[in-house]
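Biologist: I'm new to this one. Can you put it up and walk me through it?

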Amino acid sequence: MSSHATPVPMTSTACGPLSGVAEVPGDKSISHRSLILGAMCIGETTISGLLEGDDVLDTAKAMQAFGAEVTNMGGGNWSVRGVGVGGFAEPDGVIDCGNSGTGVRLIMGSMATSPITATFTGDASLNGRPMARVTDPLALFGTQSVGRKGGRLPMTIVGAADPVPVRYTVPVPSAQVKSAVLLAGLNAPGKTVVIEAEATRDHTERMLAGFGAEISVEDTDEGRVITLTGQPELQAQHVDVPRDPSSAAFPVCAALIVPGSDVLVPGIGLNPTRAGLFTTLREMGANLTYENERTEGGEPVADLRAKFSPDLKGIEVPPARAASMIDEYPVLSVVAAFAQGQTMMRGVKELRVKESDRIDAMAKGLRANGIEVDEGPDWWAVTGRGHGNVPGGATCASQLDHRIAMSFMILGMAATSPVSVDDGSPITTSFPIFEPLMKRLGADVTRGDA
Ligand SMILES: O=C(O)C1=C[C@@H](OP(=O)(O)O)[C@@H](O)[C@H](O)C1
Ligand SMILES: C=C(OP(=O)(O)O)C(=O)O
């Protein structure tokens, strides 16, 4: 198991208005995919705006272990000299994906149809997460896997020497599973078909097309049917990674709940498969506007302006929207605490198998800070107390989960008493500049317990 850094307790205390420009880092999903697809091309892929968080850096190391040449050119610019589809070498050592579900699942897919063997591990959080959801469909290609009980890491994957293409209906709404199957399909002859009943983030499909693969997507009664022709020669590209809407969520939500705030978060991708939180916040009465709406690299992009929103109200979040805001429920539950009335979130059982059981982690921490939370296997509900009435005052367990740690830091910015987390170190997996960025806006975030 990979080691975990020394715990870093952090405390957030109510602050004056947040103001200024919050330039959040590059999109984590697109950063992982840029490195992996770059490694599967012949030639040099250049990447600008890569997220230099631990999750993505672990994927960069993994691509090197499989034979690609990955170079940090400085300033968020990276170069990947790929080995081509089917060109991965067998790694000498164990592949450590740290805290990253996306990293391990996509990399397993990308090597699963090459005649090589690799062993994967991660930190205590990742080693507790389910991998059968990926190894089951990979077995259809002819891939073998041996892991711990319950399909957990550490796990060894024996790539299929003579892969066959597959047709697979993804049983859970998961872009990681969909992507693992598509990446495995790259080195299988013929057409691999993946069907998803609910649309999940579509970066893999878009990027595969951008890298020159033959891929089509059709909306049918069964759902989205994605057809990929195997064994293409992927074309090395330049990828300009847009800023991450999942990171933008934190300064946006903080501005909505801290009185007097006015924060601009520029250049955020509003791909409909990612932007569900912003729609939800607007339905709750958030003063959140899109400025300078434009298209960049084929994706809708806008500058988000978030202002203190005195009249937030609880709503029922449509379950059909869950996939488009799956990583944003923890911070949404914090905003819901400052709204009037109940916010009901249904169709969210996937939250229980993230870096932590996110419903459990948030419910425990919110309750300790004076907020009523009800929950069931697939739903939870937060009863808001309105602005000025959220007690705070507790230390919450972040459970090796960056989104939990950051969400409680946002809670402390507007609660009556300071809010602490036992360990903020996981924040570096996705948003390494969270602390200085929030401080520059005016937040009072410090290292140590209250
Ligand atoms: O494909 C991706 O980049 C991701 C997919 C989602 O996970 P699931 O596929 O498990 O829903 C999301 O939670 C994760 O942060 C990133
Ligand atoms: C769920 C997340 O990431 P991953 O699954 O890649 O660990 C996340 O970033 O919120």
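**A buried glutamine and its surroundings**

Modeller: This is a predicted model. Start at Gln 176, which is buried because 25 other C-beta atoms lie within 10 Å.

Biologist: Which helix is Gln 176 in?

Modeller: Gln 176 lies in helix α5.

Biologist: And what does Gln 176 touch, apart from residues up to four places away in sequence?

Modeller: Gly 101, Thr 102, Arg 105 and Leu 106.

Biologist: Let's turn to the ligands. Which residues are around ligand 1?

Modeller: Ser 29, Gly 101, Thr 102, Ser 174, Ala 175, Gln 176, Ser 179, Arg 201, Ile 326, Asp 327 and Glu 350. Two elements give two or more residues to that shell: α3 (101-111) and α5 (175-185).

Biologist: Which element gives the most to the shell around ligand 1?

Modeller: That is α5, with three residues.

Biologist: How does the shell around ligand 1 split by class?

Modeller: Six residues are polar, three are charged and two are nonpolar.

Biologist: Now ligand 2. Which residues are around it?

Modeller: Lys 28, Ser 100, Gly 101, Thr 102, Asp 327, Lys 354, Glu 355, Arg 403 and Ser 430. By class, five are charged and four are polar. The shell around ligand 2 has no nonpolar residues.

Biologist: Back up a bit. How is the protein chain divided?

Modeller: Into domain 1 (10-26 + 245-447) and domain 2 (28-159 + 166-228). Their contact takes 19 residues from domain 1 and 25 residues from domain 2. On the domain 1 side, seven are nonpolar, eight polar and four charged.

Biologist: How far apart are the C-alpha centres of domain 1 and domain 2?

Modeller: They lie 28 Å apart.

Biologist: Where do the ligands lie relative to the domains?

Modeller: Ligand 1 lies between domain 1 and domain 2, because both give residues to its shell. Ligand 2 also lies between them, because both domains give residues to its shell.

Biologist: What does UniProt list as "binding site"?

Modeller: The unreviewed entry places that feature at Lys 28, Ser 29, Arg 33, Ser 174, Gln 176, Asp 327 and Lys 354.

Biologist: Let's take Lys 28. Is Lys 28 buried or exposed?

Modeller: Lys 28 counts as buried, because it has 26 C-beta neighbours inside 10 Å. Lys 28 lies in helix α1 (residues 28-39).

Biologist: What is Lys 28 in contact with, leaving aside neighbours within four places in sequence?

Modeller: Leu 51, Gly 53, Asp 55, Val 56, Asp 244, Ser 246 and Ser 430. Ser 430 is also one of the residues around ligand 2.

Biologist: New topic. How many residues of helix α9 are buried?

Modeller: Nine of its nine residues, 329-337. Among them are Tyr 329, Pro 330 and Val 331.

Biologist: What covers the buried residues of α9?

Modeller: The cover includes helices α7 (245-257), α8 (276-283), α10 (358-368) and α11 (402-412). It also includes strands β19 (340-346) and β21 (379-385).

Biologist: Last one. What confidence scores come with the model?

Modeller: The protein chain averages a pLDDT of 97, and 99% of the residues score at least 70. For the complex, the predictor gives an ipTM of 0.99 and a pTM of 0.98.

Conventions:
Residues are numbered from 1 along each chain as its sequence is written. Chains are lettered from A and ligands numbered from 1 in the order in which they are written. This is a predicted model: local features need pLDDT of at least 70, side-chain atom pairs count only at pLDDT 80 or more; totals for chains, interfaces and linings use all residues. A residue is near a molecule or strand if its C-beta atom, placed from the backbone, lies within 6 Å of it. Ala, Val, Leu, Ile, Met, Phe, Trp, Tyr, Cys and Pro count as nonpolar, Asp, Glu, Lys and Arg as charged, and the others, Gly among them, as polar. Domain bounds come from an automatic or database domain assignment. pLDDT is the predictor's confidence in each residue, from 0 to 100. Helices (H or I, at least four residues) and strands (E, at least two) are DSSP runs, numbered from the N terminus. Two residues are in contact if their C-beta atoms, placed from the backbone, lie within 7 Å. UniProt positions are given in the numbering used here, feature names are shortened, and annotations may be inferred rather than shown by experiment. A residue is buried if 20 or more other C-beta atoms lie within 10 Å of its own, exposed if 12 or fewer, and partly exposed in between; C-beta atoms are placed from the backbone.
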